[in-house]
Amino acid sequence: MMKATSLRLATALFVIAVAASAGAAENPIIWCGWQADPAHPLSWAAVRNEVQPLLANKNYRGAYQLILAKYRQAQEAVRERTPNAVSFEAELQDFMGGTTGRTSFQFIDRGPNESQLLLKAKTITFPCGPDTKLGLDGVYATFASKFPEQTNIGYAANLIFVASGDEVQNLLGPAADVIDNRATGYRGLLLDGLPMWPWELYLNGRLFGMHSLESPVPKYQVVFFRPSVGMEITWPSQEEAKAEASIGVEPIGFVRYTGSDYKNWWGASALVTLGTADHGAGLGVLGRYNNYAVGVTKRKNTDGVFMFFSYDFYDLVNNKEKRDKAADELLGGLRKNLEEGKKQLESK
Amino acid sequence: MPKSNVLFLIHGIGNHSDGWALDAIKTLGNAAKSYPGFANANQEDPLGDEIEFVPITYNEIFDALLERFKDLAAQFEPLNDAQLPSPIKKIEKLSGEFDKETVRYLGDAILYRGFRLVRNTVLLKVMATIARKIQSTGLSRDGTPVKYGVLGHSLGTTVAHDALHLLATTPWLQADDALAKLKQLTPELGQNLADRVGNNPFSPKNFMFDAVFMVSNTSRLLFTTDEDPYHSTVRPVGPGDMKQAVCGTFYNFDHRLDPVSKLCKFRIHDAWRPDVEGAQEPTLDHLYEPNVHNLSHYLLHPYVYGPILGHLAPSFSRADWREAWNRVDNGKFSRWGPEYSSESLRKKAEAALTKLLPKSSSDENIGKLIAIYESLKDLEEA
């Protein structure tokens, strides 16, 4: 019994606290930078307790119908029906029927002297500043007393705009997720994937032009006249083993990414090599996994095949951290070893 | 206490770290302090409770990409010249060029304009930041709509134009079929959302920025969207084109002596005449520093900060906004800064800037844009 009383008391206190905190944020700004009058029957403060539960239950149609009913009730009290009111009600009906959007009910500030509602049929202007012709002094109370019908329209527009914002909010998250996903994808492709030379970047951009931004980011990349430094090795026999620094060019090829972060890929390309020693150009194919590439080439004037290892592959083999240094040392070292080996064989 | 409204700031060409917008925000704060609406505000941070500034950077993408080019070219360095075929020699020499400031400037504009993958990456970053911020802040707070504004400066006007047009016109929810999933989970709600909101909650019928502020507009020179800036959705809503515009009001701020905005100059009257009610292009000819292209220099002018504060800072009343207009007419805002008190200094500064203005339409290309940037920098340093 005691427990149930405490629970009821706690619940009541919670409800009071929530109501008080909600009340603290009253008096929102409406049009012309004016503060809303909480006593107005169409102010947020006046309708909040009825509208909020409908919005919380995602019963948006119910919320709009309630606002429409309250608006009609308020206008009946004014007993006036100007073209503004006719246009506004038509816009409300179109909105309920889904043929017009919520931004019809967004106040547009046109400089310091007026806010506007741009309806399909007409623009309703709310003068904000002093106007001797209209007998306005730039104060809300004067406007509201002179133009009660338009004041009702202003409040109702604000209510519809706020309530429909809740409805649109449901889809902002999913849309933002899609945009985030595409942003991460393109960034990954550009900055984490296989680095592209400028002409490759241009070509891939042209090819990806077929993909619209809302579609998933492509998982492939075209390789086009891609030069790289590597090492070419041939060993038809121990005596004739050769290793030389080589420039490899991939005239055409492709890369396929295996993950959504664009950090892993495999691919294949045609390969043309140009060694630093005079053995002519090599023609062949190259396979690539991440930064490591191995190719096989054949040269016109030389028997046997050459193996082409890309720069990064050597980096892996030698476990060097600095790519430039590693390649430099490796090229020099290999050549020296080979020369020494040859000398030893010759002396034998 | 949550801030009232949100202003996205998009920078121009050149290096911009995370704090790039601090100067601009301070300039706006200083301006606000001089109006009655801010008499009781925190004088250290007068806009602290009024506007949430969201500076967006994208130049780190250009920098990272230029570094990648540099690394690719550098792989040939260990080989001596004799070992390199001549085309490769040219490429190898490029690696040294990528550090030059000119290349960094050139890079921003050329990479954006010429390379689709780069601009997709830039634009998606900008759109993702805007979309996520709007989603997390919400569309209203306690019965009051939250107002959103976008300010682009220089190249940032092009980025803003392209990003806002794509944000508004791309059917984001089609690809992942998010709506279909929603319909499965809650059929009635899903169907209602599909009918009323559609496949893009950022489309003009669902969402509109209160104002877009273009400062030194380059969008006609560098835009990359299918529609050019005179025909895209980045324009103020008007009675004739309902639900096709991304903003309520559009401001084109163009200083008379700013050479950057004169290349393929954006003119509101050419763009949307006669429906130009929601667009404004005030005349700016103040001179407070040699580089009139600087964002902070633009923001000193009441015709510039007035609308920004008027749209987004609740404490800046309509009377304050009118007062901002008046300060230009009544001379309370001086056309000349303290450093230009003498006639000869003004003439000299004006002559230096006039010399940079493009002479003919054949001058209107990216190369000229870069030359202007360099000259402005020289002026600033001199």
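**Sheet, helices and chain contacts**

Mentor: Strand 2 (residues 114-118) of chain A pairs with strand 3 of chain A in the antiparallel sense over 5 bridges, where strands are DSSP runs of E with at least two residues, helices are runs of H or I with at least four, both numbered from the N terminus, and two strands pair if DSSP finds at least two bridges between them. This is a predicted model, in which local features need pLDDT of at least 70 and side-chain atom pairs count only at pLDDT 80 or more, while totals for chains, interfaces and linings use all residues. Residues are numbered from 1 along each chain as its sequence is written, and chains are lettered from A and ligands numbered from 1 in the order in which they are written.

Trainee: Which residue in strand 3 of chain A is the bridge partner of A:Leu118?
Mentor: That partner is A:Thr123.

Trainee: And what is the order of the strands in that open sheet?
Mentor: The order is 1-2-3 in chain A, with antiparallel pairing. Strand 1 and strand 3 (123-127) of chain A stand at the edges with a single partner strand each, so one side of each has no neighbour in the sheet.

Trainee: Switching to helices, at what angle do helix 3 and helix 6 of chain A pack?
Mentor: Helix 3 (residues 60-78) and helix 6 (residues 148-191) of chain A pack at about 175°, with their axes 10 Å apart; axes are lines fitted to C-alpha atoms, for helices over the stretch in contact, and angles run from 0 to 180 degrees between N-to-C directions. That makes helix 3 of chain A roughly antiparallel to helix 6 of chain A, a term for angles over 145 degrees.

Trainee: What classes of residue make up that contact?
Mentor: The contact of helix 3 with helix 6 of chain A has 12 nonpolar, 2 polar and 2 charged residues, counting Ala, Val, Leu, Ile, Met, Phe, Trp, Tyr, Cys and Pro as nonpolar, Asp, Glu, Lys and Arg as charged, and the others, Gly among them, as polar.

Trainee: How many residues of chain A are in contact with chain B?
Mentor: There are 73 from chain A, in contact with 78 of chain B, contact meaning that C-beta atoms, placed from the backbone, lie within 7 Å. Helix 6 of chain A gives the most to the chain A side, with 23 residues, and by class that side has 41 nonpolar, 18 polar and 14 charged residues.

Trainee: How many helices and strands does chain B have?
Mentor: Chain B has 16 helices and 9 strands.

Conventions:
Angles under 35 degrees count as roughly parallel, over 145 as roughly antiparallel, 65 to 115 as roughly perpendicular and the rest as oblique. Two residues are in contact if their C-beta atoms, placed from the backbone, lie within 7 Å.
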